[in-house]
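Student: I'd like to learn how to read a few features of a protein model. Could you walk me through them?

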Amino acid sequence: MSAPALWPLASAPEGLASDIDPVAFELINNAMTFLVNEMALTLVRASYSGILRDNMDFATGVADLDGQMVAQGLSLPLQFGPMPDAIAAVKARWQGQMEPGDVFVLNDPFEGGTHLPDVFFIKPLFHEGASFCFVCVSGHQVDIGGRVAGSNACDSTEVYAEGLRIPPLKLYERGAPNQTLFALLEKNVRVPVKLMGDFRAQVASLSAGEAGLADLIQRFGAATLRRYWAELMDYTERLTRQEIARLPDGVYRFRDNLDSDGIEVRPVPIELALTISGDGIVADYTGSSPQVKGALNSTLSMTKAATYFAVRTVLGVDVPNNGGFFRPVEVIAERGSVLDCVLPAASAARGMTMFRVVDAVLGALAQAAPGRVPAAGEGGPTLFSFGGYDKAREPFVFVEIFGGSWGGRPDRDGIEGISHPVLNQRNIPVEVIEVENPLRVRRYGFVPDTGGAGKFRGGLSLMRDFEFVGAEPAQLQMRADRRVTRPYGLAGGQAGSPSCNLMAPGTEKERELPAMVTTTIAPGETVRFMTAGGGGWGDPRERDPQAVAEDVADGKMTPAHARAQYGIVVDAGGATAPRKRDSHPRAGADDEPGDGQGLQHIGRKQI
Amino acid sequence: MPATITAPSYRVGVDIGGTFTDVVVATSDGGRGVRKLLSTPPDFGRAVIAGVRAALADLGAEAGARSEVVHATTVVTNAILERKGARCAVITTEGFRDVLEIGRLRMPELFNLFYDKPPKLVPRRRVFEVRERMDHHGEVLVPLDQDSVEAAVEAVLAAGVDAVAVCLINSYANPAHERAVAETLAIRAPGLDVSVSSEILPRIGEYERTSTTVLNAYVRPAVRRYLDAMVAQLKAQDIDGPLYIMQCSGGLTSAERAAREPVTLVESGPAAGVLAGRELAQALGYANALTFDMGGTTAKAAIIEAGALALSGEYEVGGRIAAHTRLTGGGGFPIGFPVVDVAEVGAGGGSLAWIDAGGGLRVGPHSAGAQPGPACYAQGGEAPTVTDANVVLGYLNPEAIAGGEIAIRRDLAERVVMEQVARPLGIEPLAAAHGIHLIANSAMMGAIRAVSTQRGRDVRDFVLIAFGGSGPVHAVGLARAMGIGTVVVPAAPGLFSAVGLLATDLEFQQSRVLYADLGELGLDELNAVLGELHDEVWRMAAREEGQGVGYEIAAELRYWGQSYELTVTAPFGPQSDETVAELIARFERQHERTYGHRAMGERVILVALRVIARLRPAMAAGTARAVAGTPAAAWTTESGERRVYFGPETGSLATPVIARAELSAEAHWGPLLIEEYDSVTVVPPECSACLHPAGHIIVTLGAGSAAPASATQGRLE
């Protein structure tokens, strides 16, 4: 980790347990890491849908018999957390009835899952007749049925509308596929070929894990492996606790909002009291919104995963990806709240809620470790999907997770054009979009002046314009946020610009879309998606004038913005050295999102 | 070329690295000479000439005879890593100025909010837009607006750049607008070096194409200077035959083409090593081999299967070295060409051993580098490295290595291992050193797995070819841990990449994006595209002197809905329903082998088609392929014996130390150390070594193929 050091290294590390050979320990640690990453690569390579490959929206891992994660592969960080609950659900229903060759499947958020598109595969492994461990894979499916293609709609009001609910069931029984279940699945999803393709990829990943474990058992012996697994998790817990212990004790509060409940525009508060006490952390979300009408509700398992992520980013050391990390972090949310929902809550679009949880935890941690936490980023990518028929009457569905930018950091600017850190998704190339869909990308790039002003400014908004070139109107569905509650600045930095999504931008017919919407788009119409800009870090008046001049030269900032927000006078080319600051710049006193100059030419009717 | 030959003609293979220049000379009358010299940057030709002269002198030959020089160079990779390329501008389609800076959004490090993208090669202020637009069929949506072109060219001139990359949206489908922009540049700014994306990489995917084209523009002036100087120097010494250069795809190109498309020269050196491995495997009759090249800071692995190299379409240059970046990508600048798939990990002789905050023993990724180097070099290094551990274990000569050029202080190695590893962990120094050695091995296993098991291959079906200074020290232990039965240490393991160059063919290729359902694509269209591609590569190949042009088709295929291709090759020829069916069948077989399943009956999409032409350089036949007959360097050690530690179950054993020449075709059982000029081959107990008639060491593990269990179980008490 390259985060600036906040504190000196611990005097003496607490060592490994006395019966542990440090060399074997590292060898087994490496071997487990390779194994779960090999499972991840197998999944990526064999997958059908772009979601698994380009968004890495999956998880691979090995768990012990208690359901603790011994190792998890690198993938979407938000998927690091929910697996133990899925295993617990399988055990609760099937304890005593698991046999070699069984593969369990589930996706029900109320019985081990997180939302319907994430389908978990869990395979118990046996050694010498006794159960030994679990290999697990979860993957986001391109469609699991329900009322809207892609199963991502944010305006569903019950889980029943969102797709097929699968309780923990045997997808394979003693190695034989459960034909009944497969047939039922095939009839209930829109693109069975992709679902079956991705299911095969998930099975291939389990097989890679199984083969790797057989090898390790042969190399090290089952009992030794188990002993070292326990130590691996203890080791991670020790590292984590050591780091937490260096944070000042206290109760740190932070509140952030979603701007919509998925149906109507109204603030949905995420309330956090984060207590650091000794070497443990309690994240208490009591006081957050009750579960909402739309599909933004989260299971407690996802709330935990988002919390773990944020805590992990402020640790001064890199820790292995295993369940030992979870132990020092307790997460509390009220049953029936938006962060621990109950039936019949809809949850397909709960990702947005998770982004806000991450923002809240980082906002609280910024008070405890101000040098380690960036200002808020774009607040989660905008997810949109187009679905309909092309000119040859072939059906198409195009889904993109679009963003983003990071907030300014204690020692440097935020990045523009980078994934949200809990996702690490890829964009979809313009040329690939156009060859596969009746869509034309008209514009793709940064929006000047949209990064929150600061000593270290926030990253700029990202914008993409699509023209629909199909034969008949198509369905357009979008999930955005940060329209009202903007990405926060820190240490005197300004908030980033809000998101803004427009139909027919720059024309007579220009109109703004609500942040969460399902609508139609007609042939020849253009829609613009624009994410929020990142928040700034530190007082804008302390920004290096040269950095302002560079931004102007790069066209990332207009001279007017430089003057209004930073009090710096630079000519348009940024070529000449910046002149002295105005003595009373508007920056700091004014809460406007930039001065709007950069937005002028891209259409800003309702900003 | 003169018709009469008075002196024997000769071919030279030269691998120019940052530190060393390795030279191998092969003459038409069967002579072979080798030389390892310090590189002479920026004037790299000096070392080449000195090496060639010395090697020829050894053979009693002289310059002035007919010659051919084949070389691999690090100049491109270094220019990118050191950010020493040209000042560049980019011209792109209006509305797409930020494609280059946005990239693919991905980062190689998770959980790090202080990550930064690699520094930009072209800042936004030097990216200029022109008004135009093609669609994906190559139809013009917006005609090229010449006023906007003039304005962009004006801006380029005002920016004071040396090179320009022209990268327009959908130019892979129709290059007309890019060509028109390039023409205007040629007229208005004749001194500028222009790289055009539809010429450099006519592939779908605007970011990767732009990145590749920008890299080309960025390194071209430097490569041109480098090649001009090299050619001039060689000529001045009467070494005036053709100069060929290794490309990342594993084939040679001419100096002329290299100057135009220098981006194809990245990873030139590592590709040569893999080529050498392929040639050696073939000579020894192994269909499947893994190459393992371990140097001071990194270890590299590659796969050879059924005699063929594996190519990767997702190479990134300038990124951090870490096994998991193969999963995430995003750490460097992508190159859209097929690149010999070499997995690299940050584990080498100089890698540092340390204890982390949780009490775990770790090795790398930090390295002591050449300076200060391992503690045992006594050049100021104060931290234990893998090399120090190898000295403590007795694997390396305790007095001197590299033919006596580097003095070794065993006491210093023992001290750092004792004080910084053994004592804090409460274990014996030998156990600590052995632990460092094993942990380095486990990191390197990551590289080998990345090219083998992670593609669904079973490593036990492969032999391991080990080279580089440290490769032979670690190879047998590595093979044991992975269940590999045979290790080959070639003659002159430190010069192996240079040897590979002499066995490489010239290669030319052209590709076309089709993105069509292979079942629906008409044979006429398919054959028309193949015909055009064939003519294009034929024109390239016809410019070179060479023999036996062979053509091959490479089809990039995927199932409908997938976002990942497999490349399937086939002999060149007119396609029929049968050959197309065979292509699909091959794809499905490869899919099943790689992913464990196939999807019978589903649509197969032909993403792109490539035609590759290969020809043997004119003189290669005359000098034969050199791999088989390369002599080991002359230096030999004194035979003797020392105590060597092979692990807790065996303990320290009195181990004979012999020279390669003392081996024979009979099995020599371990424990055994085979010491030579540029490396040491460590043969543990229960393994045997023999010498192949061509000078290669062949180590057989256990009774032929050691099961992983027997090899490692005893390690855990």
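Tutor: Gladly! Let's begin with the idea of a contact: two residues are in contact when heavy atoms of theirs lie within 4.5 Å. Keep in mind that this is a predicted model.

Student: Which residues of α11(B) meet which residues of α13(B)?

Tutor: On the α11(B) side they are Val386(B), Ala389(B), Asn390(B), Val392(B) and Leu393(B). Their partners in α13(B) are Leu430(B), Ala433(B), His434(B), Ile436(B), His437(B) and Ala440(B). Sorted by class, this contact has eight nonpolar, three polar and no charged residues.

Student: At what angle do α11(B) and α13(B) pack, and how far apart are their axes?

Tutor: Helix α11 of chain B covers residues 386-393 and helix α13 of chain B covers residues 429-451; they pack at about 130°, with axes 9 Å apart. An angle over 145 degrees would count as roughly antiparallel, and 65 to 115 as roughly perpendicular. As for handedness, the crossing of α11(B) past α13(B) is left-handed.

Student: How does α12(B) cross α13(B)?

Tutor: Helix α12 of chain B, residues 410-425, has an axis that comes within 9 Å of the α13(B) axis, and the two cross at roughly 85°. That makes α12(B) roughly perpendicular to α13(B). From α12(B), the contact is made by Val417(B), Met418(B), Val421(B) and Ala422(B). From α13(B), it involves Pro429(B), Ala432(B), Ala433(B) and Ile436(B). By class, the contact of α12(B) with α13(B) has eight nonpolar, no polar and no charged residues.

Student: What can backbone torsions show me?

Tutor: Take omega: the peptide bond from Leu343(A) to Pro344(A) is cis, with omega near 5°. Pro344(A) sits in the loop between β11 (329-332) and α8 (351-368) of chain A. In chain B, Gly670(B) and Pro671(B) are joined by a cis peptide bond with omega about 10°. Pro671(B) belongs to the loop between β33 (668-669) and β34 (672-676) of chain B.

Student: And where does phi come in?

Tutor: Asp238(B) is not a glycine, yet its phi is positive, near 65°. Its place is the loop between α7 (206-236) and β11 (243-246) of chain B. With a relative accessible area of 47%, Asp238(B) is partly exposed. Glu686(B), also a residue other than glycine, has a positive phi near 70°. Glu686(B) lies in the loop between β35 (679-683) and β36 (687-691) of chain B, and at 58% relative accessibility Glu686(B) counts as exposed.

Student: How many helices and strands does chain A have?

Tutor: Chain A has 12 helices and 20 strands. Its radius of gyration is 25 Å, close to the 25 Å from the globule rule for 607 residues, so chain A is as compact as a globular protein of that length. Of those 607 residues, 67% count as buried. Along the principal axes, the C-alpha atoms of chain A fill a box of roughly 75 × 70 × 40 Å.

Technical notes: Residues are numbered from 1 along each chain as its sequence is written. Chains are lettered from A and ligands numbered from 1 in the order in which they are written. This is a predicted model: local features need pLDDT of at least 70, side-chain atom pairs count only at pLDDT 80 or more; totals for chains, interfaces and linings use all residues. Side-chain values use heavy atoms; hydrogens and water are left out. Axes are lines fitted to C-alpha atoms, for helices over the stretch in contact, and angles run from 0 to 180 degrees between N-to-C directions. Helices (H or I, at least four residues) and strands (E, at least two) are DSSP runs, numbered from the N terminus. A crossing is left-handed if the near helix is turned anticlockwise from the far one by less than a right angle, and right-handed if clockwise. Ala, Val, Leu, Ile, Met, Phe, Trp, Tyr, Cys and Pro count as nonpolar, Asp, Glu, Lys and Arg as charged, and the others, Gly among them, as polar. The radius of gyration is taken over C-alpha atoms; the globule rule is 2.2 Å times the number of residues to the power 0.38. Buried means under 20% relative accessible area, exposed over 50%, partly exposed in between (1.4 Å probe, protein chains only). Angles under 35 degrees count as roughly parallel, over 145 as roughly antiparallel, 65 to 115 as roughly perpendicular and the rest as oblique.
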